[in-house]
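Dear colleague,

I am handing over the structure we spoke about, and I would be glad if you could look at it alongside the notes that follow.

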Amino acid sequence: MSLAGKTALVTGGTSGIGLAIARALAAEGANVVLNGLGDPEANAQTADDIAQKRKVKAYTSPADMTDPDAIVAMMQEAKEKLGTIDILVNNAGVQYVSAVEEFPIEKWNQIIAINLSSAFHTIRLAVPGMKEKGWGRIINTASAHSLVASPYKAAYVAAKHGLAGLTKTVALETAQQGITVNCISPGYVWTPLVENQIPATMQARGMTKEQVIDEVMLKAQPTKQFVTVDQIGAMAVFLCSDAASQITGANLSVDGGWTAQ
Ligand code: NAD
């Protein structure tokens with residue numbers, strides 16, 4: 001399969017899962033916009049490395065996904081630089097853990113904005129171009145938490161369930177226009193974010209690294225293995241293929257059996 005000549009925009013594409021998806025799409029020839037926060041110089045270097053290695057166009061956008069105006073500007077810039085967005089990956093996401101009665105209002109608003117509302121904005125802006133072309137792929141990084149809940153994650157679970165609902169609705173609205181809209185729902189994925197939590201948890205709970213991984217992190221994941229970012233990237237590439245043209249409105253679990261329980 002080749003995605004040569006297609007343009008992909010990945011929100012939260014500067015780290016972890018989003019970066020792996022961007023890399024996987026670029027490996028198939030897609031030009032990529034990597035949206036995300038973090039060190040602008042390091043991000044620009046990452047984009048340059050992808051561009052050189054894969055002989056595609058790649059650049060970064062620091063647009064803040066809590067800001068609808070910044071999203072409008074990001075989408076406009078992408079169209080001007082790389083043409084119509086063919087593949088939209090809504091992946092930016094943050095987490096906050098607290099009992100619901102103590103959940104800070106600003107954290108609730110931030111998580112709903114980044115993990116859910118930003119996808120509404122990018123989708124509403126990308127769909128017209130996809131309809132014009134008669135081809136498009138919208139891939140939303142949801143989570144096992146779009147299907148089941150865990151305590152103390154009210155905003156995250158609500159946002160991810162909302163993202164699954166948005167996915168289904170837009171899939172129905174675009175079903176006859178060559179556009180597919182799907183969620184990929186990972187379980188625990190081995191990202192720097194996860195790795196960096198291990199030392200603190202070892203100390204807080206007096207556990208070994210293995211105990212933290214098995215008894216805390218992978219408690220809900222029957223395979224007792226992390227999902228890898230490359231496995232999510234490969235799923236995104238598959239969803240862009242002709243073989244996946246009849247998969248739309250789906251919520252595809254890549255979670256080591258978590259949601260089978
Ligand atoms: P990560 O922290 O490595 O990446 C998050 C990305 O989002 C980064 O690029 C960051 O810059 C970007 N981001 C955060 N706030 C932003 C903002 N306001 N504006 C623009 N960009 C912003 O995390 P990850 O583990 O790669 O997570 C990516 C997605 O996968 C998230 O939606 C997350 O909920 C989901 N997910 C992760 C796991 C996991 O175990 N890691 C499991 C299921 C779902």
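This is a predicted model: local features need pLDDT of at least 70, side-chain atom pairs count only at pLDDT 80 or more; totals for chains, interfaces and linings use all residues.

Residues are numbered from 1 along each chain as its sequence is written, and side-chain values use heavy atoms, with hydrogens and water left out.

The shell around the ligand holds 27 residues, of which S15, I17, N91, Y156 and V189 come nearest (a residue is near if one of its heavy atoms lies within 4 Å of the molecule). Domain 1 (7–188 + 227–255) and domain 2 (189–225) both contribute to this shell, so the ligand lies between them; the domain bounds come from an automatic or database domain assignment.

Among the polar contacts (pairs of N or O atoms within 3.5 Å), a side-chain N or O atom of T14 is 2.8 Å from an oxygen atom of the ligand, and a backbone N or O atom of L37 is likewise 2.8 Å from a ligand oxygen. A polar backbone atom of M65 lies 2.9 Å from a nitrogen atom of the ligand. Taken alone, the ligand exposes 830 Å², and the protein buries 90% of that (accessible areas by the Shrake-Rupley method with a 1.4 Å probe).

Turning to the backbone, Y152, although not a glycine, has a positive phi of about 70°, and K224, also a residue other than glycine, has a positive phi near 60°.

How values were computed: A polar contact is a pair of N or O atoms within 3.5 Å; within protein, one must be able to donate a hydrogen and the other to accept it, and residues adjacent in sequence count only if both atoms are side-chain atoms.
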